[in-house]
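Hi there,

Here is the structure I promised to pass on to you. Have a look at it first, and then read my notes below.

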Amino acid sequence: MIHKKMLKDYFWFILFAIFIIGSLSLGFDPGLKIYANFSQFFLEMITFLPLMFLLVGLFDVWVPRERIERHIGHGSGLVGMFWVILLATVQPGPLYGAFPVAYILFEKGASIRNIFIYLGAFSCMGIPMYTFEIGFLGLKFWFLRFVFSLLVFIIIGIIMEKYVGRDFRVRPGTGR
Amino acid sequence: MLILILAAMLSIILSFIADKQKTLEGIKRGLKMFLNLLPALLTVLTLVSIFLYLVPDKTIIKLLGAKSGIVGVAIAAAVGSIALIPGFIAFPLAKILLAKGVSYTVVAVFITTLIMVGVLTLPVEFKYFGKKAAIMRNVLSFFGAIIVGLLIGLFL
């Protein structure tokens, strides 16, 4: 059964596939070369990606996210920083998914510094993402980025707290 | 890659021993995420395949290779800041670029700016933090990302 949504999602790929099939049957050289590129990349991905997503799925069901959330807001110092970073690392997804959580952290009494550290950690440190980073770029790349980005986003958090001042508020994001 | 295969097998076995139901649920979720991402992945691979055919290797190495210097870093930082590519796709893409002769520094700057800076999502960020804080956060993240990228390149 072919869904409309599927057709839309795969539109460009289907177009590409038609082009490749045409090229293969007509011996169109640029098409053959593009196909060689594509098949090499695709084979490499398809062998590892399902495995990586399997790990991400298992991580998703096992990690006690609620238990970590309970600690947020308690203590705005180093302890608080530890918990926001931990929370950020277990949440997958793009950065804009972290903004509503930042508002909740603010409401729960997290310090401004820790809110910006949370945003930094969210973008830099997702554990599900590590599977992909280590798998494709190696352990050394991952380790270097982990250490340096940790330092950088903590510094950014400290600067941001100084910059925005005491009366700064995170808004619920629904207004203007 | 061997580590990954071993890690995956070990996790599945351990998870299965601990809780059969949860394991099946996890596998289901993982595969669902994979299927959701597949169209985007295929589109990116298609574009990269065409791009790498159109742009000769020599040009790529000249613009983004080890000797590209500030030009390579600038291109990587600009593309990384603006593009909205999920990490699931960015990391495989980075590997392709490395294999094509793009330097570690350029790849690292691309990855770090991609994940830390969001020019296109700024309007959303404004709503939560206000213009002043959102712009400052992105400016700081931009320079922070370049520093992290350069440091990674220095060690690799």
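**What I found**

Chain B is assigned two domains, domain 1 (1-54) and domain 2 (56-156), with bounds that come from an automatic or database domain assignment. Their C-alpha centres lie 24 Å apart. In chain B, 6 residues of domain 1 are in contact with 5 residues of domain 2 (contact: C-beta atoms, placed from the backbone, within 7 Å).

A word on conventions: this is a predicted model, where local features need pLDDT of at least 70 and side-chain atom pairs count only at pLDDT 80 or more, while totals for chains, interfaces and linings use all residues. Residues are numbered from 1 along each chain as its sequence is written, and chains are lettered from A and ligands numbered from 1 in the order in which they are written.

Now to a pair of helices (DSSP runs of H or I, at least four residues, numbered from the N terminus). Helix α8 (residues 127-137) of chain A packs against helix α5 (residues 87-99) of chain B at an angle of about 5°, and their axes are 9 Å apart (axes are lines fitted to C-alpha atoms over the stretch in contact, and angles run from 0 to 180 degrees between N-to-C directions). That makes α8(A) roughly parallel to α5(B), a label for angles under 35 degrees. Among the residues making the contact are F132(A) and F136(A) of α8(A), and F88(B) and F91(B) of α5(B).

Finally, look at A102(A), which touches I115(A), Y118(A), L119(A), V170(A) and Y128(B), leaving out residues up to four places away in sequence.

Enjoy exploring!

Terms used
Contact = placed C-beta atoms within 7 Å. Helix = DSSP H or I, 4+ residues; strand = E, 2+ residues; numbered from the N terminus. Parallel < 35°, antiparallel > 145°, perpendicular 65-115°, else oblique.
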